[in-house]
Amino acid sequence: NSFYVLKSRLHEKVKHHLVGDVTISQQDILKQMILIPEMCYDKPRILADTFLHKLEKDLVFYDMHHELLQVYGALKKIHIYSEKHFYYSQLYNKQVALSFCLEKSEEILGEFNRILAQYNFSRSEELLEKLLFLRKEMVNNAALNPSRQIRIIKNTIELQLLIFCKTDLKNELNEVELLEKTQKIIEELPLSSPYKKWGLILDFLYFEYYQRTGQLKHASDYFERTDAHMNNLFLYTGMCNTSRFLISKITFLVGTGKVKQLSQHDLESLRYSDEDVHTKVLLGIYAMMGLYYSRNISDAIEVLNQTIDLLSFKDYLHINLELKLTLVFFYIEAGNFEEAKVILTRLQRNVTAKKSSNYAFIYNLFKLFASEIEENSKITSEERKDLFTLFVARNNGEYEILQHLMPVLNKKYS
C-alpha cells in the first residue's frame, strides 16, 4: 500500500515536472505541443503517456479543442497494441465531431448575421424565414454536440431573434433566462478562452433588451459597458449585429437628456470592415444626427446624401424610407422646399408601386410633410398634429421606422 501511495504521488510530480503546472499560460501549453513527437518516439512509453494526459488536462481547462486532436491522435498511436486503443479512438472521433460542429456553428452564425443585417434594411418575410431556418439548423447542431462554445452561439442567435425580430419564439423562450444562462457559461470559461470576448456581445444584447423594454435603469449600466468599447464594437458584426448599437445609442442619449454626447465621440477612431455596408449606413445615420443636434444641418444633409449614395436601396424599402424621409425633413428644416418636394414625390411613387400594406401608415407622414412643403397649404397646425398622431399610433412593431428621428418629430408635431 505504501508503495502505491508513493508511486501515485511521484506520478503527479512527474506530470508537473514534464508539462508544468495547470496555471501556466496558453502560450506555454502551445510550446509543450511541439514536444509531442519527441515524447512519443524518444522517451519511455510511461513518460509519454504521463506527458500526454497532463497536456490533455490543461487543454481541456483552456478550451483548446483543436489542439486536443493532436493529443488524442498521439495517445491512439502509442496504445495501438493496447486495449486502450479503442478508447482513445473514441475520444479522437468525438473531438473531430466537436471541432466540425464548432466550425459549422460559426459558419451558421456568420450567415445568420449577414442575413439579419439585410433583414434590418428590408423587413422581408422571406429573409425572416431564412433566419428561422438557420436557427433550427443551429438547434440541431447543438443537440449533436452541446459544448459551451456551441451553446453560446445558439443562444446568441436566439437572443437576436427575440430582441430584433417579431416571431413566435417568445412562446417557447425567455430573453432574461437566455441572457443569464449565456452569462453563466461565459463566466465559467477560463480567462484565456477566445469566447471570453463574447462578454462584450452579451453586454450589448442586455442593453438592447432593457432599452427596448423601457427598463432604463438597467439599460444605463449595460450602455456604459458597451459604449466603453465602441471603438472596436463593430469588428464583432460577424458574431452579432452590434452595429445596431448606433441607432439605439441615439434613442438612449436623447431619452436620458444626454444628447450632447452624440457629437463627442471621435468617429474616425471607430474600427469596422470597409465591406460592411450595414455598419457604414448606420454610422452615417449616427453621424448626421450628431450634426443635426449640434445645429449643423447643412453638414447633416451632406452626410445623409453620402450615406444614400453608398448603396442602391431599391430592394430595401425599409431603410430607403428611413433615409429619404429623414432627408425630406432636413430639407424642410433648412427651408429647401424644392428638393424636399422632389424627393417626397419620388418616394410616394415608390411606396405605391411596391403595394405593401405593411407601410400604409406612412401616408399620414407623407401628407404631413407635403403640407409643410406646399406654400398655400390649407392644412392647419391642429390637422398636422392629428396626422402625426395617426402616424405614431401605427408606427410600431416589425415595420417601425425613423427610430432615430422620432424624438425630433415628437417635439415638433406633438
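## Charges over rings

The charged end of Lys76 lies over the ring of Tyr92, 4.2 Å from its centre; a charge sits over a ring if NZ of Lys or CZ of Arg is within 6 Å of the ring centre and within 35 degrees of the ring normal. Arg244 has its charged end over the ring of Phe164, 4.2 Å from the centre.

This is a predicted model, in which local features need pLDDT of at least 70 and side-chain atom pairs count only at pLDDT 80 or more, while totals for chains, interfaces and linings use all residues. Residues are numbered from 1 along each chain as its sequence is written, and side-chain values use heavy atoms, with hydrogens and water left out.

## Aromatic pairs

The whole structure holds 24 aromatic pairs (rings of Phe, Tyr and Trp, the last by its six-membered ring, with centres within 6.5 Å; planes under 30 degrees apart are stacked, over 60 edge-to-face, the rest tilted). Phe121 and Tyr316 are edge-to-face, because their ring centres are 6.2 Å apart and their planes at 75 degrees. Phe121 is in helix 6 and Tyr316 in the loop between helix 15 and helix 16, 195 residues apart (helices are DSSP runs of H or I, at least four residues, numbered from the N terminus).

Tyr359, Phe361, Phe388, Phe391, Tyr399 and Tyr413 make up one aromatic cluster.

## Helix 13

Eight of the 11 residues of helix 13 (residues 245–255) are buried, so the rest of the structure largely encloses this helix (buried means under 20% relative accessible area, with a 1.4 Å probe and protein chains only). Among the buried residues are Phe245, Ile250 and Leu253. Just after helix 13, Gly257 has a positive phi of about 70 degrees.

Key. Buried means under 20% relative accessible area, exposed over 50%, partly exposed in between (1.4 Å probe, protein chains only). Helices (H or I, at least four residues) and strands (E, at least two) are DSSP runs, numbered from the N terminus.
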